[in-house]
Amino acid sequence: MMATIAELFPICRSITGEGLRRSLQILGGVVPLTTTEVPSGAAVFDWTVPREWNVREAWVKDPSGEVVIDFRRSNLHLLNYSAPFHGKVGLETLKRHLHTIPEQPALVPYRTSYYEERWGFCASQEVVSRLPPGEYEVHVDSSLEDGALTYAEHVVAGSTTDEVLLSCHCCHPSLCNDNLSGMALTATLARLVGHLRPRYTYRFLFAPGTIGSICWLARNETQAHRIKHGLVVACVGDAGPMTYKRSRRGDAEIDRAVAHILLHAGQRFSIRNFTPYGYDERQYCSPGFDLAVGSLTRTPHGEYPEYHTSGDDLSFVHRDSLIESLRRYLEVLEVLEGNGRYVNLSPRCEPHLGKRRLYGSLGGQSHAREAQLALLWVLNLSDGRHTLLDIAERAKLPFRSLRAAADALLASALLRSEPE
Ligand code: ZN
């Protein structure tokens with residue numbers, strides 16, 4: 001994941017363009033991807049796919065001819081989607097096109113102007129404050145032309161057509177946590193799930209934020225109902241604790257599965273209710289779809305000082321954080337895969353577990369009590385109504401213990417599966 005992030009970091013991405021295509025191509029080296037190009041001008045619900053944006057170079061020269069702001073040094077320096085421009089302007093005019101963060105004077109902000117055509121640059125307040133008066137030469141060799149918006153998918157077929165959606169945005173340029181961490185984790189997760197024979201069909205979607213998920217939903221409107229559970233993956237590499245934002249439904253199985261995993265992970269975490277602000281859960285949870293899609297991040301967007309600045313660089317994401325995030329995602333999928341309803345086939349008094357060698361047959365000695373309790377809970381609540389996740393919540397035991405207990409009871413013919 002760290003190597004993928006480092007390779008993607010220098011590329012200038014946006015909601016369209018060659019940088020986005022190149023990034024999806026690199027992710028295609030982690031896991032095979034199918035790309036879709038949606039032409040500029042295409043109507044997608046209430047939106048229109050914008051013209052494609054590409055950049056060759058962009059710089060500002062001061063009155064002495066020295067380059068003081070240069071896209072080549074960092075792609076954050078150019079306003080994302082900046083219109084082309086070449087000309088000479090005075091300092092005051094130039095400053096109207098410069099974006100800074102006065103409160104964080106050393107950092108370069110990330111700014112976009114997708115739907116209003118203008119040119120602009122981003123720079124640190126320190127650099128801008130030092131600019132001498134005089135005439136500046138401005139050069140933005142970008143293009144806004146008819147082309148396409150690109151998104152990519154990887155699907156792992158399961159034994160049912162019911163789907164789990166893992167979606168990440170991939171439209172930010174050189175920003176590591178907000179964007180690249182999600183892209184790298186989603187691709188890695190896709191590769192790992194590809195080694196399994198899952199029950200659900202898994203769809204991994206790599207799309208530019210907002211307009212990309214809107215395009216996907218517009219193109220897949222009739223099959224979107226197959227998505228039974230989903231997570232929006234973003235900001236998974238910083239050092240902060242895990243944060244889960246519930247789906248619009250609030251009590252969907254995905255909401256409960258993530259809460260359960262975070263509760264038993266033994267680390268700090270927080271859980272928040274849905275708000276119609278954030279990443280692509282805004283689209284998946286729009287009322288016309290109302291899909292059970294939450295978002296599992298570490299520190300949420302906008303809540304760390306490096307957010308949308310040059311401070312969100314390679315030093316801001318950590319290997320250990322990425323690994324822990326990946327582990328949590330896998331654990332959540334394990335709950336979704338293993339959840340189900342069962343019926344106790346020996347419900348009149350407890351069945352004799354000792355003679356079936358079920359006591360002590362699970363786990364090591366230290367887990368013996370937990371394994372025993374798990375057997376008793378599964379037997380007691382398997383009445384065809386309670387799911388294993390219901391039982392895990394009520395018993396305050398890790399899902400994995402209940403899954404192991406159910407498997408042992410199934411093998412002893414004390415349990416049968418209740419069809420959904
Ligand atoms: Zn962002």
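Residue E153 sits in strand 10, which spans residues 148-156; strands (E, at least two residues) and helices (H or I, at least four residues) are DSSP runs numbered from the N terminus. This is a predicted model, in which local features need pLDDT of at least 70 and side-chain atom pairs count only at pLDDT 80 or more, while totals for chains, interfaces and linings use all residues. Residues are numbered from 1 along each chain as its sequence is written, and side-chain values use heavy atoms, with hydrogens and water left out.

Is E153 buried or exposed? E153 counts as buried because its relative accessibility is 12%; the label buried applies under 20% relative accessible area, exposed over 50%, and partly exposed in between (1.4 Å probe, protein chains only). The side chain of E153 makes a polar contact of 2.8 Å with the side chain of W216. Such a contact is a pair of N or O atoms within 3.5 Å; within protein, one must be able to donate a hydrogen and the other to accept it, and residues adjacent in sequence count only if both atoms are side-chain atoms. Beyond its neighbours within four places in sequence, E153 is in contact (heavy atoms within 4.5 Å) with residues including P32, L33, R203, F204 and W216.

On the scale of the protein chain, the secondary structure comes to 12 helices and 19 strands. Of the 420 residues, 54% are buried.

The chain is divided into domain 1 (2-50 + 148-338), domain 2 (52-145) and domain 3 (341-418), with bounds that come from an automatic or database domain assignment. The centres of domain 1 and domain 2, taken over C-alpha atoms, are 31 Å apart. Where these two domains meet, 26 residues of domain 1 are in contact with 18 residues of domain 2. The size of an interface is often given as the accessible area lost when the parts come together. Between domain 1 and domain 2, about 1,700 Å² is buried, and carbon and sulfur atoms give 54% of this area; the value is the accessible area (1.4 Å probe) that two parts lose on being put together, summed over both. On the side of domain 1, C12, I15 and S310 lose the most area to domain 2, together 25% of what that side buries.

The rule finds one salt bridge across this interface, a salt bridge being a side-chain nitrogen of Lys or Arg within 4 Å of a carboxyl oxygen of Asp or Glu. Polar contacts across the interface join 14 residue pairs, both residues at pLDDT 80 or more.
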